[in-house]
Amino acid sequence: MKLIALPRKNYLATLIAALVFGLLLVGAQDARAASIEPFVGAYDGHLTFEEDGKIVERNMSVEIAQTRKGFNISWASAIRRSDGRFTEKSYAVDFIPSGRPGIFSSAMKSNVFGKQVPLDPLRGEPFVWARIEGDTLTLFSLFIDEAGDYEMLEYHRTLAEGGLDLDFRRIRGGAQVRSIRTLLKRR
């Protein structure tokens, strides 16, 4: 049996084309796996919990929208204290692909060249990023205080029937100091 040798040039071109096609196929699968589309919408939730021996009521809302370059998450929390007063806080963050599958960089300010970049945690600003893993969209926010200690906020939003299961965690110095779970219902 006589083997026929393919010209080296054609063999290399075929190998390179196959590798490029394979990488494109894997990239397309990663892009689908990390899609924001299933999460897009507006959601509301309510919960009651005890804090320092007092009952606290909290109304929460979140809106997730696709943008030209990525997506935006805006959320608000209205806390009713035991004395009847309400405290409201709201936030909005744009996210853009980081170049790593399923991980998104916050675009919270513009650098000197006009590129959207994250804030600087060493200046007391929160460093924020997001991750889509399966049916969970997680937003992480890292704060570094003046003493160099850190606080991490984690908002795990998992697709559920009728909305999103929210699992919020506050971690300070490696120890979890608060955990809140509730269902955010799709409007």
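**Around strand β9**

Okay, let's start with a pair: Phe143 stands opposite Glu151, which sits in β10. Before I go on, this is a predicted model, where local features need pLDDT of at least 70, side-chain atom pairs count only at pLDDT 80 or more, and totals for chains, interfaces and linings use all residues. Residues are numbered from 1 along each chain as its sequence is written, and side-chain values use heavy atoms, with hydrogens and water left out.

When I say strand, I mean a DSSP run of E, at least two residues, numbered from the N terminus. Two strands pair if DSSP finds at least two bridges between them.

So, β9 and strand β10 (residues 150–160) run antiparallel, joined by nine bridges. They make a hairpin with five residues between them, and Gly148 in that turn has a positive phi of about 90 degrees.

Now the other neighbour. Strand β8 (residues 127–133) pairs with β9 through seven bridges, antiparallel again. Here Trp129 stands opposite Phe140 in β9. That hairpin has two residues between its strands, with Gly134 in the turn at a positive phi of about 65 degrees.

Strand β5 (residues 103–106) and β8 pair antiparallel over three bridges.

How buried is strand β9? Seven of the nine residues in β9 (residues 136–144) are buried, so the strand is largely enclosed by the rest of the structure. Buried here is under 20% relative accessible area, with a 1.4 Å probe and protein chains only.

Zooming out, we've got a closed barrel of 10 strands with antiparallel pairing, running β1-β2-β3-β4-β5-β8-β9-β10-β11-β12.

Note on methods: Buried means under 20% relative accessible area, exposed over 50%, partly exposed in between (1.4 Å probe, protein chains only). Helices (H or I, at least four residues) and strands (E, at least two) are DSSP runs, numbered from the N terminus.
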